[in-house]
Amino acid sequence: MFFSIIIPLYNRPQEIDELLHTLTQQEYTNFEVLVVEDGSSLDARSLVESYQYTLNIRYFVKENEGQGFTRNFAFKEAKGDYFVMFDSDCLIPTDYLATVKAHLEQNWLDAYGGPDAAHSSFTPTQKAISYAMTSVFTTGGIRGNKKHVGQFHPRSFNMGISRAVWEKTGGFILTRLGEDIEFSIRIQSLGFKIGLIPEAIVFHKRRTNFAQFYKQLHFFGRARINIYKHFPAELKLVHFFPSAFVLFLVASAVLNIIQSPLATLCNVVLALYVLLIFFNSWAKNKSAKVAFLSIIAVFVQLSAYGLGFMQDFWKRIVLKQQ
């Protein structure tokens with residue numbers, strides 16, 4: 001099986017260097033790498049070309065269109081039987097491709113996704129953000145595990161599709177705002193077999209500070225409404241949880257200001273949730289500092305997603321704006 005690894009790139013030369021280095025260490029080596037610069041102002045050409053003797057690698061430059069259409073560009077150039085997509089801020093374990101190949105040979109999937117985890121080299125903030133995005137005590141916990149809610153939808157930071165899927169679907173029809181979820185739903189609707197490979201883990205850096213993380217999750221909240229506009233049935237009760245969390249925080253603040261008897265109950269519930277996050281993260285990360293930062297990360301995640309969700313729910317569903 002010949003894999004085409006597809007990496008859209010936008011102003012992240014340092015990250016692509018770290019990602020490509022991990023690809024040089026793959027146990028399974030029958031693959032090519034396509035790096036597509038999506039209108040970046042920070043050119044990574046010389047860096048990418050420095051790997052030409054250790055990787056079967058090609059580098060492309062195109063005008064900025066967003067990650068979805070940039071992947072489509074790479075699909076057209078790819079020579080592989082199977083296309084594997086990574087975000088540029090991922091690190092890939094040495095057995096990743098071998099694991100995927102073994103799974104596909106034993107249990108074929110036309111499209112797959114895999115989970116993400118924190119690498120030991122990540123900063124405490126990055127580990128806390130990774131916790132927030134993967135914990136069962138946040139909405140992140142509904143992704144990347146065998147007990148996910150509803151049909152599993154691969155995410156494009158760690159996703160693969162067969163050449164047949166590309167030829168049948170034509171690739172992404174959205175370039176951002178939930179483009180990978182829309183693509184996954186459309187793949188399934190065409191009768192292709194889609195699923196999770198739990199062992200196909202990548203180490204996903206995501207954002208390096210909470211301000212960037214907030215901006216990203218606000219965007220994700222808006223993206224969920226964009227998916228709803230295409231597939232109304234895909235809006236589940238769990239997607240309202242971050243908005244409910246935001247409203248709970250606001251209500252708690254108001255009740256405390258007016259000194260309502262209900263304020264005590266709200267405070268107790270909030271304190272128990274904070275303690276749950278702290279001790280669960282401490283048990284997973286073996287670090288009190290990461291556990292403390294995980295509380296911040298979870299609050300940022302739920303608040304940003306909830307506010308983005310409510311913003312576009314009001315604009316696009318209630319006011320029916322385009």
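The following legends describe close-up views of a predicted model.

**Figure 1. A seven-stranded open sheet with mixed pairing.** The strands follow the order β3-β2-β1-β4-β8-β6-β9. At the edges stand β3 (57-62) and β9 (194-196), each of which pairs on one side only. On average, and with direction ignored, neighbouring strands of this sheet are turned by 20° against each other. Strands of a sheet pair through backbone hydrogen bonds, in either a parallel or an antiparallel sense. Both senses can be found in this view. Strands β1 and β2 run parallel and are joined by seven bridges, with Ile5 standing opposite Val33 in β2. Strand β4 (residues 82-86), by contrast, pairs with strand β8 (residues 158-162) in the antiparallel sense, over five bridges. Within β8, Ser162 is the bridge partner of Tyr82.

**Figure 2. Strand β1 and its buried side chains.** In a regular strand, the side chains alternate between the two faces of the sheet. In β1, Phe3, Ile5, Ile7 and Leu9 point one way. Ser4, Ile6 and Pro8 point the other way, and the residues of both groups are buried. Strand β1 is thus described as mostly covered, since seven of its seven residues are buried.

**Figure 3. An edge-to-face aromatic pair between Phe3 and Tyr82.** The count of aromatic pairs in the model comes to 18. In the pair shown here, the ring centres of Phe3 and Tyr82 are 6.3 Å apart and the ring planes stand at 70°. Planes over 60 degrees apart count as edge-to-face, so this pair falls into that class. Because Phe3 lies in strand β1 and Tyr82 in strand β4, the pair ties together parts that are 79 residues apart in sequence. Phe3 has a relative accessible area of 0% and is therefore buried. Tyr82 is also buried, with a relative accessible area of 1%. Both residues belong to one aromatic cluster, formed by Phe3, Tyr28, Tyr82, Trp108 and Tyr112.

Figure 4. Phe279 is partly exposed, at a relative accessible area of 47%. Trp282 likewise counts as partly exposed, at 39% relative accessibility.

**Figure 5. Ser281, a buried residue of helix α10.** Ser281 has its place in helix α10. At 0% relative accessibility, Ser281 counts as buried, because the cut-off for that class is under 20%. When neighbours within four places in sequence are left aside, the contacts of Ser281 are Tyr131, Lys286, Val290, Ala291 and Ser294.

**Figure 6. The second largest pocket, with a volume of about 250 Å³.** This pocket is lined by 13 residues, of which Ala118, Ser130, Thr134, Lys284 and Asn285 are the closest to its centre. The elements that give two or more residues to the lining are β7 (116-117), α5 (124-134) and α10. The largest share, four residues, comes from α5. Lys284, one of the residues closest to the centre, lies in helix α10. Lys284 counts as exposed, at 54% relative accessibility. A distance of 29 Å separates the C-alpha atoms of Lys284 and Phe309, which are 25 residues apart along the chain.

**Figure 7. An open sheet of three strands with mixed pairing.** The order of the strands is β5-β10-β7. Strands β5 (90-91) and β7 form the edges, each pairing on one side only. Strand β5 and strand β10 (residues 202-204) pair in the antiparallel sense over two bridges. Here Leu91 stands opposite Phe203 in β10.

Note on methods: Residues numbered from 1 in each chain as written. Predicted model: local features only at pLDDT ≥ 70, side-chain atom pairs only at ≥ 80, totals over all residues. Heavy atoms only, no water. Pairing = 2+ DSSP bridges. Axes fitted to C-alpha atoms, helices over the stretch in contact; angles between N-to-C directions. Phe/Tyr/Trp six-rings, centres within 6.5 Å; stacked < 30°, edge-to-face > 60°. Buried < 20%, exposed > 50% of the residue type's maximum accessible area, 1.4 Å probe, protein only. 1 Å grid on protein atoms, 1.4 Å probe; cavity = no way out; pocket = protein on both sides within 12 Å on 5 of 7 lines; lining within 4 Å. Points joined across faces, edges and corners; volume = space filled by probe spheres on them. Contact = heavy atoms within 4.5 Å.
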